[in-house]
Each structure stands twice: as C-alpha cells, then as structure tokens.
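Dear colleague,

I am handing over the structure below, and after it I set out what was found. Please read the notes with the coordinates open beside them.

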Amino acid sequence: MKRLLDIQTCGSLAVVGAFTASELAARLLDAHPGSRLAWYLNAGLFRSFEQARVDALATNLLFGPASLPIAVLLLVAILLARATQFRFAVALFANLSFVGAVMLSYSAIFGSAKHQTASLTVVELAQSSDLLLVFTLVVTSFTAFAVSHWTFATAIRATSSAERHPA
C-alpha cells in the first residue's frame, strides 16, 4: 500500500512541481530579462506552460499573478496528504494532476500555432524539449491516476467480498 501511495504522490508532485518551476522561470525572466538561462527555461523547456498562459483556452485560468503561492500550497498539501497516508486526498491530487497534465497537453498540441516574433524572418522553435516534458507529465500523472482507481476498485471489491462471505 505504501508503494502505491508513493506512485500516486510522485505523479502529483511531477505535475505540480513542473507547474511551480515554470512559474518560477517566468518570474526569473521578469526579474532578469537579459538572462540566457531564463530565456531558455521559458522559451525552450517550459514553452507549453507559456503557451497555456497566453492561449484563450481554459488553461489560462490556471495561470496568473497568484498562481505561484497556490502551486506551493498544493505541493505542501500533496506532501501532507502522503505523510498522513490520507488515501482519498492522495488519490484526489493524482486525479487532479492528470486533468492538469491533459489540459497542458491539449494546449501544447491544439493551442495557437501562430507565434509572433520580433524578426523580419520566420523563427522556427524546436519543440522537442517541451513536448518531451509534457509527454513525461502525462505518462507520470496517468500512472498515478490509474493506480488510484485500481486501489479504490480493489478496496471496493474486498469490502463487497467480505460482506458476502462473513468469517
């Protein structure tokens, strides 16, 4: 059971942690616009998160000035739920993280394909690193999502079996 809770917690932490890191990278870029690292993080690694901030999709509701404190509180809540072994909360966070990862992947795949540049020529941006991150988040969160449903289905089956065949 402990291992299954760890799997669900890792899925939640991956998604919320990546979201928190993207918010920190955005704040780093605001603070240091000349930093090459800040530009790489925002335009390379966390481009899908940046696109989700700009797109007129439902994902832009997740981003805003107050999103970093909320993300940190979510990280603390996930770790607290795991520490107390509150199975329902761990599963809830795993399911919400999967929904967030799916929304991020939707924004990355079907978001606005038009990128504005301050160049006279077309600038092509390679999408390998950010799509790899999105794919990893979807797979990790789906694993946590599937494990949460499997554990609850197993518990329901065990409970109904115990009710039918009392000892």
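Setting aside residues up to four places away in sequence, serine 148 touches Gln8, Ala91 and Asn95. Please keep in mind that this is a predicted model. Serine 148 belongs to helix α6, which covers residues 128–164, and because its relative accessible area is 2%, under the 20% limit, this serine is classed as buried.

The next point concerns charged side chains. Side chains of opposite charge can pair when their charged atoms come close. A search of the whole structure finds one salt bridge, and it is formed by aspartate 6 and arginine 82, whose closest N and O atoms are 2.7 Å apart. Since aspartate 6 lies in helix α1 (residues 2–31) and arginine 82 in helix α4 (residues 67–83), the pair ties together parts that are 76 residues apart in sequence. The two partners fall into separate accessibility classes: aspartate 6, at 31% relative accessibility, counts as partly exposed, whereas arginine 82, at 11%, counts as buried.

The crossing in which α1 passes α4 is left-handed, and the contact between α1 and α4 comprises, by class, 13 nonpolar, five polar and five charged residues.

Technical notes
Residues numbered from 1 in each chain as written. Predicted model: local features only at pLDDT ≥ 70, side-chain atom pairs only at ≥ 80, totals over all residues. Heavy atoms only, no water. Salt bridge = Lys/Arg side-chain N within 4 Å of Asp/Glu carboxyl O. Helix = DSSP H or I, 4+ residues; strand = E, 2+ residues; numbered from the N terminus. Buried < 20%, exposed > 50% of the residue type's maximum accessible area, 1.4 Å probe, protein only. Left-handed = near helix turned anticlockwise from the far one by under 90°. Nonpolar A, V, L, I, M, F, W, Y, C, P; charged D, E, K, R; others polar. Contact = heavy atoms within 4.5 Å.
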